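Please read this briefing alongside the sequence and the model.

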Amino acid sequence: MLTITPKMTINFSATDFAAYQQAHLEQLHQVQQTQPDTDLQHNDLGWLTVDKWADATQLTHLKNLATQVQATADVLVIVGVGGSNQAARAVIEAFAQQHGQVKIIYAGTNLSAAYYQRLLNDLAEQEVYVDVIAKNFATLEPGIGFRIFKPFLQQKYGANYAQHLFVTGTRGSHLEQLAQAEGYPFLTFPTDIGGRFSVFSDVGLFPIAVAGIDITALVQGAQTMRAQLQANNGGNNPAFQYASLRNYLHQQGKSVEVLGHFEPQLDFFGRWWTQLFAESEGKRNKGLLPLALTYSEDLHSMGQYIQQGQRQLLETMLVIDQPRHDLSIQASDVTDDFDYLTGQTLTQINQVAEKATITAHQASGVPVIELHLPKLDLTTFGELFYFFEYAVFISGLILEVDPFNQPGVEAYKQLMFTGLGKK
Ligand code: PA5
């Protein structure tokens, strides 16, 4: 179970914050009372119950499909951008085994010829499957990925190429029509889920299953978190605590939220979190700027700014209470001035660094919200995804923005399409 421990600066008034929470409890209750299937105001809430697109039958179906791919594949290329790949990537980069499993590679994320050239060269001798994922198949990046990988697969597999080309799109979409016409295996991108909320659907779960990762454990985590968040309608509901704290601090003049952690396994989770909050809240000239950092590495770059730069930061620290692995520092047979480390474990050292960082940041005027994970496993990861999705829903309501649209990303697209001669 996740827990929140606020470590506030001396200027923080608990009484003020309690009043702020009281004034915004209705936003928590609104989220708790939302009925995704009957609430006609929203067509974006298919993720809210978890089960709708990730029930036991669907998980079995996805696992069976994944087993078929695993029987022959060396590589699965996910072609998708933004919400169409970030969550799967976060899980796969954190949990995939290096050996003996299908390697997952990412395309449709950029427009670089150098990237594609290198990728196609690397894949020449491999057994390749591709999953083109696009809710709106007009998006340029996955479109380019499709245009590059379809001929690649045709050349490699001749008439059988279609069996290597999965597509994940909405029912009734152009992508589904293409799948029917060409014989591509089709997976569902739910019409009532936006990309950044799509981890517990075919979008995220199929690639994760192909990577040999237990999707049931992941989904169970989300279900557990949903039950926990639905059951508590008070100020200490953890998603509400987080959403209200960050908005309270935003109101006090904080404009940047750093998501910090001391575990590189969380790197791509940080990217997913950045997208979730940036696209959900950054509109109508509002929203905290999200910035995910990996410590201790980023302490040697951004650490300076956090300690002594402008005081507009708040920090949310993901703390893993019991890491999965450990290593001891052995005694050294040369004089290297690191004898003080002998016998200590990396986990102990990492935890000392973490505590020191939190104390130093807090003392410099950066309020820190500690978000504790008992351990880093698939179930906790599932909890964490759902926690932030639920929190951004509450947070968007507090901020009075629609967390489910992203109208701002259209501006450059129109100019780009004009530049490219799109009719
Ligand atoms: O979260 C979102 O909705 C976006 O980030 C989309 O996932 C992203 O723009 C890709 O969209 P599409 O799947 O339509 O290509």
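Helix 3 (residues 86-95) is mostly covered, with 9 of its 10 residues buried (under 20% relative accessible area with a 1.4 Å probe, protein chains only; exposed is over 50%, partly exposed in between). This is a predicted model, in which local features need pLDDT of at least 70 and side-chain atom pairs count only at pLDDT 80 or more, while totals for chains, interfaces and linings use all residues. Residues are numbered from 1 along each chain as its sequence is written, and side-chain values use heavy atoms, with hydrogens and water left out.

**Helix 3**
- Helices (H or I, at least four residues) and strands (E, at least two) are DSSP runs, numbered from the N terminus.
- The buried residues of helix 3 include Arg 89, Val 91, Ile 92 and Phe 95.
- Among the elements covering them are strand 2 (75-79), helix 7 (202-210) and helix 13.

**Nonpolar cores**
- The largest nonpolar core has 93 residues, and Phe 269, Phe 381, Phe 385 and Phe 388 have the most contacts inside it; such a core is a set of buried Ala, Val, Leu, Ile, Met, Phe, Trp, Tyr and Cys residues joined through side-chain atoms within 4.5 Å.
- Helix 13 (residues 378-399) gives the most to this core, with 14 residues.
- Domain 1 (3-33 + 222-399) and domain 2 (56-213) both give residues to this core, so it lies between them; the domain bounds come from an automatic or database domain assignment.
- Apart from this core lies another, of 26 residues, including Leu 119 and Tyr 161.

**Ser 201**
- Ser 201 lies in the loop between strand 6 (186-188) and helix 7.
- Ser 201 counts as buried because its relative accessibility is 1%.
- Not counting residues up to four places away in sequence, Ser 201 touches Trp 53, Pro 190 and Ile 193 (contact means heavy atoms within 4.5 Å).
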